[in-house]
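Here are my notes on this one, as numbered points. Have the model open while you read.

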Amino acid sequence: MDIGFIGLGNMGQGMAANLVKAGHRVTVYNRSPEKAEGLVELGATAASNVAGACTGDVVFTMLADDQAVEAVTFGEHGIVAALAPGATHVSSSTISVALSERLAAAHAEAGQRYAAAPVFGRPEAAAAAKLFVIAAGEAQVLQPLAPLFDVIGQRTFVVSEQPHTANLVKLSGNFLIASVIESVGEAVALVAKAGVDRQQYVDILTSTLFAAPVYQTYGGLIARREFEPAGFAARLGMKDVRLALAAAEQLEVPLPVASLLRDRFLTLVAAGGGHLDWSALSALTDRDAGLASDDSA
Ligand code: NAP
């Protein structure tokens with residue numbers, strides 16, 4: 001299939017590479033062009049602008065946030081202007097429910113197809129084609145995309161015919177992960193201050209009652225205080241909690257824990273930690289508990 005791929009950051013790199021390796025003709029575009037170099041070596045073609053990546057049957061976007069997706073989609077030479085009628089925009093970025101609704105309407109008006117396919121899994125999972133794809137869109141739009149989702153992920157879940165529902169599911173999941181990071185950070189600080197080894201504590205939890213990937217991954221990062229390089233940056237985590245709160249306000253569902261997390265992320269970002277992995281929320285707890293960052297306990 002002829003595929004465009006826009007957004008070659010931590011996630012997009014691996015996703016685009018797997019599409020190339022599966023034998024698709026992939027044209028990539030990234031705002032900072034040097035990120036396309038490795039993919040060109042693999043066999044992709046580099047486009048010099050957004051429109052150049054919109055000449056095929058499908059164009060994926062894997063961009064940072066709403067602002068980036070808006071710029072790339074609605075710009076003068078953006079996706080809506082460039083994509084052929086009948087071709088599909090697959091939005092995999094974690095974006096707001098409201099923007100996903102706008103994208104669906106704009107593509108429908110232009111005679112184009114649109115699907116939301118946000119993903120669960122960090123950059124390592126993207127590189128290993130182990131993502132979980134949360135897909136939503138009309139059946140005839142999703143059906144030809146299924147083989148592409150199989151290339152980038154280990155499993156696809158179709159949640160609705162309404163694309164924005166996939167974005168809501170994704171945001172709710174990231175809200176849950178942020179809650180886990182905060183609570184594991186608090187529990188680790190509690191026992192560490194009493195002299196318990198951080199790693200041993202996490203090993204106990206994650207080999208017994210909490211033997212789930214999210215506890216294992218983030219428990220390990222928190223125990224080791226391994227916040228750089230960021231697999232998922234705190235500023236993006238803050239964005240997702242904000243978008244979950246916006247969706248919750250729209251649906252009139254109070255999320256008091258998300259409100260607390262928003263302030264925790266704001267504290268981290270205001271202290272200069274926006275570039276750190278979002279597991280660095282636990283560094284705030286350590287600091288508040290008077291635990292030194294080189295404290296090996
Ligand atoms: P990232 O490494 O920060 O990459 C962001 C990408 O967006 C880069 O290609 C960047 O281009 C581009 N971009 C940002 N602002 C732009 C703008 N105004 N115009 C054009 N391009 C712009 O982020 P990531 O970790 O790959 O995440 C991408 C998306 O996936 C986000 O929505 C994130 O929430 C979601 N996600 C991330 C993870 C994870 O663990 N990392 C997991 C699941 C979902 P430049 O290279 O030019 O800056």
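**Notes on the helices**

1. Contact here is heavy atoms within 4.5 Å, and helices are DSSP runs (H or I, at least four residues; strands are E, at least two), numbered from the N terminus.

2. Before going on: this is a predicted model, with local features needing pLDDT of at least 70 and side-chain atom pairs 80 or more, while totals for chains, interfaces and linings use all residues. Residues are numbered from 1 along each chain as its sequence is written, and side-chain values use heavy atoms, without hydrogens or water.

3. Which residues of H12 are buried? Among them are Leu236, Met238, Val241, Leu243 and Leu245, but also Lys239 and Asp240.

4. H12 runs over residues 234–251 and spans 26 Å from first C-alpha to last, close to the 26 Å expected (1.5 Å times one less than its number of residues). Just after H12, Glu252 has a positive phi of about 55°.

5. Now look at H10 (198–206) and H11 (213–224): their axes come within 9 Å and cross at roughly 170°. (Axes are lines fitted to C-alpha atoms over the stretch in contact, and angles run from 0 to 180 degrees between N-to-C directions.) So H10 is roughly antiparallel to H11, the term for angles over 145 degrees. H10 brings Arg198, Gln199, Val202 and Thr206 to the contact, and the H11 side includes Tyr215, Ile222 and Arg224.

Terms used. Parallel < 35°, antiparallel > 145°, perpendicular 65-115°, else oblique. Buried < 20%, exposed > 50% of the residue type's maximum accessible area, 1.4 Å probe, protein only.
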